[in-house]
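These are my notebook entries on one structure. I set down each point that I looked up, in the order in which I looked it up.

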Amino acid sequence: MYTLESTIGEVLSNPLGADLIEIFRNELKLNRLLIYNGLSRKIKLKTLHKLSRGELSIDFLEMIVSKLNHFRTLELPDHSEEIKPLWWKESVAYQIYPRSFKDSNGDGIGDLGGIIEKLDYLKELGIDLIWLSPVYDSPNDDNGYDIRDYKKIMAEFGTMDDFDSLLSACHQRGMRLIMDLVINHTSDEHQWYVESSRGKDNPYRPYYIWKEGREDEPPNNWTSLFSGPAWNYDKKSGEWSMHIWSKKQMDLNWDHEPLRQDIYKMVNWWLDKGIDGFRLDVINFISKDEGYPDGDPTIAEMMGVCGVEHYAFGKNVHKYLQELHKETFSKYDIVTVGETPGLGLYSSQFFTHEKRKELDLIFNFDHIDNPGNDRFDDYCFDLNILKNQMLFWQQKYGNSCWNSLFLENHDYPRMISKINNDPSVRNPLAKMLAALILTMKGTPFIYQGQEMAMVNVNFESIDDYRDVESLNLYKKLLVDGMSPESALAKVKCGSRDHSRTPMQWTSGKNAGFSSGKPWLDPSMDSMENNIEIQMADNESVFHFYRDLIALRKKYKTLVYGDFLSLRSSRKDMFSYYRKDRDESFYIEMNLSAKMKNRNKKMSENKLLLSSYRNFNPRHLAPYEVNIFKL
Ligand code: TEU
Ligand code: CA
């Protein structure tokens, strides 16, 4: 049993403990050596209270101890010697945010018909797996992540017939399609919630999380990720119901078995339609700690949200995922990727190890912002930190777990803009980022627009935004006393709307996205940067993505081959090998906007692909990436 007398070394031997130490080390910007050395391993947890000058309270440390005691029973099976080849490990995936991809009926909103129009484009790029962000019926409080009817297509996107046509059009092209499964919560307009809120004795009451409480006092101090308390008060019953997301996204109660059975029926209904799997929205949040205890103020300060330690890795999460797998996934040849914010490498292994029969892959977000920063912080993203994080996962995740490789999605600003806004390096920087996710071990996920180096948008007023998170945050910052200018600047830093502006197809009206007024204005950038221009230019980012994907298809070594990094310590340089019995490749990249000398002499005759036209044997140009076949 863990106690406050336990040492850091004992904590590190527990997967959750190892991840927590890593999170706190990163957040507190402590050097690895400070923690992972013989002396520190002997430090007792209770001493951390003094060492942190009280910042790590005894309550906080006792909460850690109780979490560790719960997860001390987790046993990770050994990793297999060989990686098991599977179709989804060899796929290159592409995430479509339907609202912004292509509008086919002129109402200014992307739709399924528009996606069908662009399947040949995706085929040309070399995509074989599409992840479709939610297309179910929804009031769109969170753009479809608030589902009102799991078995109905959102009217703006089309009909179930349109969906069936899209699915068969994908399969006809040898492409697969996975749906976004949002089962941590539903819309407050979902029939289950409508029933549940009819009264305490309604059979659907326990489908959601209701707690007694006074009208002026929510049941605990948890806050929503979209600002404000994580509870709605229901006058009729004098109870509060939980929403860790928006006020219209009500958390499902996974502890209630009939709810789980209804979820499994719905999942099998979709799988019987022939879809190829799911991306599972915040799936590690589904099990909440008993009694919903108050969140720790230190963690709230660190994570920007209060209570997350009581649901990010709840005690029944593996039980529910193994049941979900057994009742549904296990019966089909599909792929499942869990979105698991807050989990580290070690705890992620318990979700994806092939012998644990839970999920195939997860999305970890540790690398998307440099540690100690969050999306709304105005800082210069350091690629050397990203390099070390990717090295960590490439080297430690194990043969029985499989990485997802991504740098963008619909929840984050565009990566190029976080790293370097200088337009003169946009093309090589975009190509270097492409090489990062397309030459490592794992399944690459390209987010729409990333293949054409889309960048952040110059939003000028709060009226330019649509995202519930951004709008709520702006209001909260004003209430907190921030000036409108500073609040707008902060929202502009991290708004998810940066990655939700319409795809830029042409230089024409509305960037060729729609013949009507788009729901969100296309970026002015579309005038000189769009798919039409990029396809006509052999030096474009689009062509580089296409060439890299073709390389990855041609050489399975780039998928399954060993990853061996070279002199990982040298700043601003990142070089590694990918090798197996048949082939070996050497990839080198300059992580900076300055010229750099090469790590090792490479002759041009082995050069397979470069992000620059002229090869210089002595040095690398800004963000230059080269792939050699040895
Ligand atoms: O996102 C969950 C998530 O962890 C974050 O990416 C989140 O969007 C943001 O950082 C909040 O601070 C998933 C979906 O991808 C997101 O679009 C939804 O808004 C959210 O869950 C709720 O369904
Ligand atoms: Ca439309």
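Entry 1: Which of the 19 residues around ligand 1 come nearest? I note first that I am working with a predicted model. I found that Asp-142, Asp-281, Arg-375, Asp-411 and Arg-496 come nearest to ligand 1. I then sorted the shell around ligand 1 by class and recorded 9 charged, 7 nonpolar and 3 polar residues.

Entry 2: polar contacts of ligand 1. I looked up distances from oxygen atoms of the ligand to side chains. For Arg-279, an N or O atom of the side chain is 2.9 Å from an oxygen atom of ligand 1. For Glu-339, the corresponding distance from a side-chain N or O atom to an oxygen atom of ligand 1 is 3.1 Å. His-410 also has a polar side-chain atom 2.9 Å from an oxygen atom of ligand 1. On its own, ligand 1 has 490 Å² of accessible area, and the protein covers 94% of this.

Entry 3: His-410. Where in the chain does His-410 lie? I located His-410 in the loop that runs between strand 14 (404-405) and helix 17 (415-419).

Entry 4: the calcium ion. Which residues coordinate the calcium ion (ligand 2)? I listed Asp-103 (OD), Asn-105 (OD1), Asp-107 (OD), Ile-109 (O) and Asp-111 (OD), at 2.3 to 2.4 Å. The donor residues of the calcium ion follow the spacing D-x1-N-x1-D-x1-I-x1-D in sequence. I checked Asp-107 separately and found a relative accessible area of 34%; this value falls between 20% and 50%, so Asp-107 is partly exposed.

Entry 5: the whole chain. How many helices and strands does the chain have? I recorded 23 helices and 22 strands. Of the 630 residues in the chain, 61% are buried. Along the principal axes, the C-alpha atoms fill a box of roughly 75 × 65 × 55 Å. Lastly, I compared the radius of gyration with that of a compact globule. A compact globule of 630 residues would have a radius near 25 Å, and the chain has 24 Å, so I noted that the chain agrees with the compact globule.

Technical notes: Residues numbered from 1 in each chain as written. Chains lettered and ligands numbered in written order. Predicted model: local features only at pLDDT ≥ 70, side-chain atom pairs only at ≥ 80, totals over all residues. Heavy atoms only, no water. Near = heavy atom within 4 Å. Polar contact = N/O pair within 3.5 Å; in protein donor to acceptor, adjacent residues only side chain to side chain. Areas by Shrake-Rupley, 256 points an atom, 1.4 Å probe, with all protein chains shown as cover. Nonpolar A, V, L, I, M, F, W, Y, C, P; charged D, E, K, R; others polar. Donors = N, O, S within 2.8 Å, 3.2 Å for Na, K, Ca; no water. Buried < 20%, exposed > 50% of the residue type's maximum accessible area, 1.4 Å probe, protein only. Helix = DSSP H or I, 4+ residues; strand = E, 2+ residues; numbered from the N terminus. Rg over C-alpha atoms; globule rule 2.2 N^0.38 Å.
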